[in-house]
Amino acid sequence: MAKLWLIIRREYLAKVRNKSFVVMTFLSPILLVGMVVLIAYLTQVNDNEKRVVAVLNQSAFFGNSFTPGTGVSFVDFKGISLEAAKDSVTGMGFYGLLHLPPAGDAEAVAREAFLYTREVPSTSVLTEVEDALEDDLRAYRLEAMGVTPGEYAQVRQGYDLQTATFRGERSHKGINEFKAIVGGGFGYLIMMFIIIYGGFVMRSVIEEKTSRIIEVIISSVKPFQLMMGKIIGTSLAGVTQFLIWILSAGLLLTVALLFMDIDPGVLMQGPGMGGALEQQLSSSALADDQTARLMLEEFVQLPMGLLLFFFLVYFVLGYLIYSSIYAAIGAAVDNETDTQQFILPVILPLMLAIYVGFFSVFSNPHGPIAVAFSIFPLTSPIVMLMRLPSGIGPTGVPYWELAASLSLLLLTFIGIVWLAAKIYRIGILMYGKKPTYKELYKWLKY
Amino acid sequence: MEPVLSVQDLSKQFGTYTALDRVSLDIPRGSIFGLLGPNGAGKTTLIRIINQITYPDSGSIWLDGQPLGPEHIAQIGYLPEERGLYKSMKVGEQALYLAQLKGLSRADAREQLRYWFDKLDIGHWWNKKVQELSKGMAQKIQFVVTVLHRPKLLIFDEPFSGFDPINAALIKDQILELNAQGASIIFSTHRMESVEELCQHIGLIHRSRLILKGRLSAIKKEYRQGKYKVQWEPANREAGLGPLQEALEVSAATFDAEEGIWDFTLKLGDADKAAALQFLSTHGNLAAFSEWIPTAEEIFIRTVQKQEANG
């Protein structure tokens with residue numbers, strides 16, 4: 001035990017004192033925050049650019065349609081010919097010219113209207129101009145049908161079905177995704193951690209092999225102790241780095257956004273899961289007080305303690321499984337270029353877990369795919385965490401599934417670590433051999 | 001006296017390959033034991049088993065009369081042939097770490113390190129990183145780390161490779177000193193002249209089997225062939241070795257015309273020795289007469305070749 005502790009301590013110190021590790025630790029948050037701020041800034045710049053569209057309205061309709069919108073403002077041309085208007089638009093550097101020809105009714109005008117631009121018009125401008133026309137056109141149509149705008153608004157009103165579980169808990173349709181995002185965040189964190197720090201473990205093993213210190217070390221400690229010490233030490237360094245990242249990124253982001261006066265909401269509108277959630281919420285009328293309150297209630301009711309507990313369990317077991325595979329790979333090869341053939345099969349289940357999670361578990365957290373992948377031990381650390389926010393028991397993940405998932409994970413953990421330790425034990429003393437899977441299989445029997 | 005280490009009937013297979021085949025040997029207490037053998041004979045496997053790095057399929061090892069176990073790790077010091085250090089770690093810190101892995105407390109390790117660093121005059125390396133050191137310098141650190149915890153059994157695998165002659169001599173003196181202080185030493189090497197110099201006992205492994213073992217002096221005696229090196233100035237210069245060759249088996253004869261001295265090898269049975277000496281001294285001037293004793297190298301080569309011939 002004392003030796004294990006010595007090894008953990010050395011591996012930890014060797015890692016955190018490593019220059020590139022230190023640089024990465026402190027540079028990454030700055031880079032990340034810089035990128036976020038840049039994106040936010042660019043988005044704002046993009047939004048702030050106003051394009052001017054000249055309107056040559058020769059009809060008797062659409063007189064009041066053209067109020068300045070978010071991206072387009074309008075200039076009225078009067079009493080000049082289309083050719084003259086085109087010339088002056090080019091001369092004044094306007095974005096485009098909207099021509100509404102004279103016609104008998106609004107429908108005909110709209111049908112024959114043209115937007116002239118230098119190049120193909122940008123979608124946002126086109127949409128805005130279309131919307132302007134469409135609103136008026138609709139009003140004309142309604143009037144023709146004898147429907148008042150008030151009546152129309154009434155017809156247009158949406159509807160949300162109320163939902164509740166059999167036990168009477170109110171729920172909300174955005175909540176499945178919302179919960180999955182919380183779990184997905186945890187799952188994603190696990191995957192990143194495994195890939196980054198598993199790689200560190202592997203490189204550290206290769207370094208011991210190439211520097212030829214390995215035989216000196218294992219004449220003092222058991223290879224298994226060395227392997228575990230390495231994995232634990234490296235992951236502690238990883239946890240340290242992660243904490244620094246999270247704390248400093250949070251701090252920097254807050255400071256940056258405050259200083260630059262950027263609305264964090266801007267970022268939420270970007271693509272990705274945040275955007276999807278946002279849409280869900282706004283389309284189902286977040287403005288509705290009751291819905292908003294429900295969302296908040298749900299969030300508060302999220303089993304945070306439970307989530308955190310299982311996050312730790314799945315994290316520790318999942319990470320140990322994968323990093324001991326990484327350690328075995330490191331032991332089997334002589335240099336990093338030989339690792340490729342072994343790495344792919346390791347990363348595959350991780351990627352699979354993330355994709356299955358995002359595409360299947362989000363929409364149906366308790367469907368057959370979700371259940372299968374949350375029990376299969378190589379994907380369960382990620383997929384189960386995406387399901388767990390909906391709770392355990394009758395309304396969430398059934399007890400037996402959780403038990404099956406955990407016990408399979410535990411068994412796999414023992415099995416894999418045992419196998420990896422065997423390969424590790426033989427591999428670290430093998431020099432100059434390019435290993436094949438067949439060779440590794442033979443080592444298992446030594 | 002009970003041997004410090006006793007290996008009995010040790011066998012080890014790697015898949016279908018037999019690395020060790022029923023090897024038995026004793027390392028006498030306080031001796032320097034030369035473990036010899038061609039490349040790939042199984043020496044390293046045997047050494048790794050003694051260090052509990054790998055485990056035998058059958059057979060047993062006894063250290064001080066007890067079956068070898070994890071508690072003995074601290075009593076063995078091992079300098080492997082494939083050796084290195086963490087490149088980016090500082091010398092002192094690294095030596096402390098390795099010493100602590102051998103079970104020394106931090107304070108003890110520091111004290112011992114100071115002693116050895118002073119002794120080898122390398123104290124100023126303490127805060128250097130290993131990558132700044134030359135190969136020979138790193139070897140010295142490795143040597144120190146091997147002997148630091150004062151093990152009763154030391155195992156050196158090619159300890160002099162990578163050292164210049166001066167440092168090799170320095171390390172050799174340290175090994176002899178440790179031996180004089182009571183440490184038993186297993187010494188694995190291809191350099192036969194150092195075997196000759198250092199070892200009292202040898203064991204020769206060939207193709208996974210121990211084919212020769214015992215006291216080096218006894219083995220040499222056994223390998224004598226009744227050959228004698230002679231330098232002789234015959235009284236009758238004209239006749240040369242002629243009369244001698246009629247009576248005795250003479251080989252490898254050369255003649256130094258300036259001195260008038262013949263240099264040759266005589267093969268004699270024990271009973272013929274007195275007569276031959278008599279003849280040589282009456283018929284000429286005997287300048288030198290000594291029995292030819294095989295070197296460790298010759299024994300090594302002959303034994304291996306004989307084994308190969310026998311299949």
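Predicted model: local features only at pLDDT ≥ 70, side-chain atom pairs only at ≥ 80, totals over all residues.
1. The secondary structure of chain B consists of ten helices and 14 strands. Its radius of gyration is 25 Å, well over the 19 Å that the globule rule gives for 311 residues, so chain B is more spread out than a compact globule. Taken along the principal axes, the box filled by the C-alpha atoms of chain B is roughly 80 × 45 × 35 Å.

2. Burial and surface in chain B may be read together. Of its 311 residues, 50% count as buried. The chain exposes about 14,600 Å², and carbon and sulfur atoms supply 49% of that area.

3. As regards contacts within chain B, those between residues at least 6 apart in sequence were considered; 68% of them join residues at least 24 apart.

4. A:T412 is found in helix 17, which covers residues 399-427. Is this residue buried or exposed? A:T412 counts as buried because its relative accessibility is 16%, and the cut-off for burial is under 20%.

5. The surroundings of A:T412 can also be described. A polar atom of its side chain lies 2.6 Å from the backbone oxygen of A:L408. When neighbours within four places in sequence are left aside, A:T412 is in contact with A:I321, A:P377 and A:V417.

Notes. Residues numbered from 1 in each chain as written. Chains lettered and ligands numbered in written order. Heavy atoms only, no water. Helix = DSSP H or I, 4+ residues; strand = E, 2+ residues; numbered from the N terminus. Rg over C-alpha atoms; globule rule 2.2 N^0.38 Å. Buried < 20%, exposed > 50% of the residue type's maximum accessible area, 1.4 Å probe, protein only. Contact = heavy atoms within 4.5 Å. Areas by Shrake-Rupley, 256 points an atom, 1.4 Å probe, with all protein chains shown as cover. Polar contact = N/O pair within 3.5 Å; in protein donor to acceptor, adjacent residues only side chain to side chain.
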